Amino acid sequence: MAPNVIAHDDLEDDIDYSDIEAKYQVEYDEGLDNVVVVDGVPVIDESKAEKLLARVAKEFSKKGAPVKVDNMIIPWDEKTGKSRGFIVVEFKSPEDAAYAIGVMHGHPFDSKHRFSLNRFTDIERYANLDETYVEPEPEPYVQKEHLRSWLADPQGRDQYATYRGDEVEIHWHGKPSQCEVAHNRLNWTDLYVSWSPLGTYLASLHRPGVRLWGGASWSGLQRFAHPLVRLLDFSPNENYLVTWSHDPIVVPEGAQQGPQFFSPEDEGNNIAVWDIKTGNLLRTFPSVYPEGEDASKKQQLQWPALKWSPDDKYVARVTPGQQISVYELPSMGLVDKKSIKIEGVIDVEWCPLGDKDKEEEAKFAAGKSNKKPRENMLAYWTPEVANQPARVTLLQFPSRTILRQKNLFNVSECKLYWQNQGDFLCVKVDRHTKTKKSIFCNLEIFMVREKDYPVEVVELKDTVTDFSWEPKGERFAIVSTSDPNFGNPGPGITLKTDVSFYALERGKGDFKLLRSLPNRTSNTIRWSPKGRHVVLATVGSTTKSELEFWDLDFHHDDTGKREAHKDEWGSGIQHLGTGDHYAVTDAEWDPSGRYLATSASAWRHTIENGYAIWDFRGQELEKHILDRFKQFLWRPRPRTLLTKEQQRHIRRNLKEYSRQFDEEDAAEESNISAELIAQRKRLVDEWNAWRLHCKEELGTERGVVKKLKEPQEEEEEKEEIEVWIDEVIEQIEEELLE
Amino acid sequence: MRPILLQGHERSLTQIKFNAEGDLLFSASKDSVINVWYTHNGERLGTYEDHNGAVWTIDVDSQSRFLVSGSADNTMRLWSVQTGKCLYSWEFPTAVKRVAFSDDDEQVVCITEQRMGHQGAIRVFKINREGDGTDQSEEPISFFNPIGSKAVVCAFSYVPNLIITGHESGKVALFDYKTGEEVLNNERAHMDVVTDLQLSPDRTYFITSSKDKTARIHDTRTLMVIKTFSTETPLNSAALAIGKPYVLLGGGQDAMSVTTTSLRQGKFETRFWHKIFEEEVGRVKGHFGPVNTIAVSPKGDCYASGGEDGFVRVHHFDESYFRAKPYGDIEVEQ
């Protein structure tokens, strides 16, 4: 029966007992984690042992880490008969041991002795450590990707990011032939994506925190662990990042610790400030809500909650109604250790740095100029309280000198708009009449570059819904409305608005109406980042979606000289074109000011989501209707590195440059069309081959030549006959002429 | 391209057809009347009145002698094109959804609706062309019930005995009507109900439209998808242009949701797509409801579209349409 036995053995081998073994495995008590070695105990002989242990136990229980005398062991030196100066203490659990280490480490036992506590396992580990010094292997230098590589694109294209469904795509945008997807990734973000202000980083938001990406390969660069982060804000020079989460920070036990992570002190806060380069957490703040709102109202968070100075040196935080706290970077310490107490303060805005300021600063920093650059400036406003009028203040910082203050009456709301070069500050003041029934609007414009900061006032009868400075310009545009529906929005209601352009009249130094465009529905002004061109859009409406493209210097050529207005005031304003992007929700210029992108985001509605790109004249270049399209973002560009002279030189020789580009274009076009023609030819050939094949088959199927082909041939013959007749007539005429 | 507006129907159009010469246009509508029009000026030549239910479908033979129609009154009728008289009427238990002549005009295929316990059925009748046409046989030469998803559109293929069917599930199939067997099918031709099926002049390929927002060109023999045209709206009809490499697609949002959407959202245009490059070349606006049916004149000089709005719009192509060569000199076989 030998074979049988063998079979039986095999069977036994096959049975896998591992699961049962795992289940009934005896769990060894392997934890030495609850054992602590207390060093720095007086050296004693055996007679004093009991006394000492009692004393030590007392010390421990005083600090809330009780131990029993039985659980303490004194190791003895057998030669001398004395203790070795340390004892071993066993706690109930590793947690108790950890607590004891926390409270007892460094505890003074008496004047000579001070406890130092270590885990038994640690001592074991360190005792076994290899003592020989090993030269650490120097990490090979890894060339990091250039974070601004996209600027070196030979065709000078811009990039944009789109977020659709779960997919984020980075596109190149240039001439039609050069548009392509640079990178795409599924589930790149959980909420949305955001560019840093100079375009270096792309931020994605996830449940655990924020992640920054960059470089040509879009590798992950930095992580900021802020769980459930919802909002983020970069500092203007991309050195710092502010994140916000609705849920207060919780640091669970055993959470990772380190400079990049929240510590228990941060618990309960919502706002975190991070250093982008190191990834370190700088400071956290609780979020503040405007006071005086009743709790039932949904509290609106002001975002960005922290206002960065344009040079990244300071960040201001407003505690509404009380104070402005300005913190210094990178230490995030309160400047001069005190906040600026301003009763009732609501909003603060830093004065942006103009190109001039930046140059001056660079010069000063390089020691080329003694002229100190302009100090940072901030503007804030306080509402009317009791008998005090509302007040707008310009404050210099860090010297804290008040430069200008203006009192205002009957104010219901103020908004501060800095021109992007820091030349002007416009305060849009919503004022109510004495009866408080109707609201009208004043624009108080501070001339920041002029002596004593004169204030120019533009009074308007209507309510201003949107205000926008021309970048680098002395003009602004406003949208105003006197529509009775204003203030009670309803579905299907599109407000009637007027759009007006104002410009600084050089000689007189006041702002004068350039032109007014009545009876519009536009509610959004988008200036081209280079100025001059402006788009008026009707966004967020279900019935209207018009885009109007305007040029404010139509008579000027591109030489760059903005001549004094020789011609009539306001005559340079020219309507270039009108577009329509149904259900548009956003409009954004590209950084070069050549293209405008409009998008209909699925976050707002689900009708015809997608995006379109227009040129500055209002010609639609591309349009994509995509389900679940969410976000369109141009990648910002940093400031140009060319000096003023170089820019001027380019402008002067624009014709030469453009010729070069024209040639390139022509070459490209013929190239592309050749490719396209080849592709089409291939398709046509395929089709024709298939058709011929079909016809042959049809012929064999029917056994006769296809009927349908014949009439066509006949037609062709007929045409030929007609031509013949023509020629005959001509001949006759010739004969007559002879 | 100024269209001629044909206002002869009180309800939405269901199918329109040109005759072989393209001088007459037949239109069927839910108002139970069939109209015939002169194509060149839009004058109404006459009507075919006898149905008392929505006329779902019509077809005309290649000699413009007989017209066949199917209606919701459960009858299929044969008409004299010239006199407008009803020559013969076949009665079925359910509505007739689709009729089509064979290319030799000897046979007619019809699909009846699946309803009231009756299965959807395909019948093929022999048409007696002798005499005045009133002497027709009541019995079909073939009768079968396709298994699975019901057939909604059909046509004779160029292969004898084979008919092409389009189904509710999006399936396209070939049936041998002699045996009633499914010879070949393409289950995944469309993702949703097939709404129209039109043949090329030689019947070797055909175009289908579907609610899945695409139209597709199929090879009749293999049922392989040759071309796909993806739009952003459900399609009700697709037609092949004659003489030019275009296809015409029509559709729009469901009639049910039309009242709740604006005109431009409804996408009620007729779209011209390039047959081979699968890209849109143009659109023709006009209807204020979904386009239900499109037909191209066999001469290729005009096309007509019938809409949910009850109008037929006949468009005669401009000179520029024939002269234009948007893709340069390419020779495309029909």
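**View 1. Strands E1 and E6 of chain A in the predicted model.** E1(A) and strand E6 (residues 116-119) of chain A run antiparallel and are joined by four bridges; strands are DSSP runs of at least two E residues and helices of at least four H or I residues, numbered from the N terminus. Two strands pair if DSSP finds at least two bridges between them. Val36(A) has Arg119(A) as its bridge partner in E6(A). This is a predicted model, in which local features need pLDDT of at least 70 and side-chain atom pairs count only at pLDDT 80 or more, while totals for chains, interfaces and linings use all residues. Residues are numbered from 1 along each chain as its sequence is written, chains are lettered from A in the order in which they are written, and side-chain values use heavy atoms, without hydrogens and water.

**View 2. Strands E1 and E5 of chain A.** Five bridges pair E1(A) with strand E5 (residues 86-90) of chain A in the antiparallel sense. Ile87(A) in E5(A) is the bridge partner of Val38(A). Of the five residues of E1 (residues 35-39), four are buried (under 20% relative accessible area; exposed is over 50% and partly exposed in between, with a 1.4 Å probe and protein chains only).

View 3. Among the buried residues of H3(A) are Leu52(A), Leu53(A), Val56(A) and Phe60(A). The buried residues fall within an arc of 160° seen down the axis of H3(A), so they line one face of the helix; the arc is that of the directions from the helix axis to the C-beta atoms. Glu50(A), Lys51(A), Lys58(A) and Lys62(A), on the other side, are exposed.
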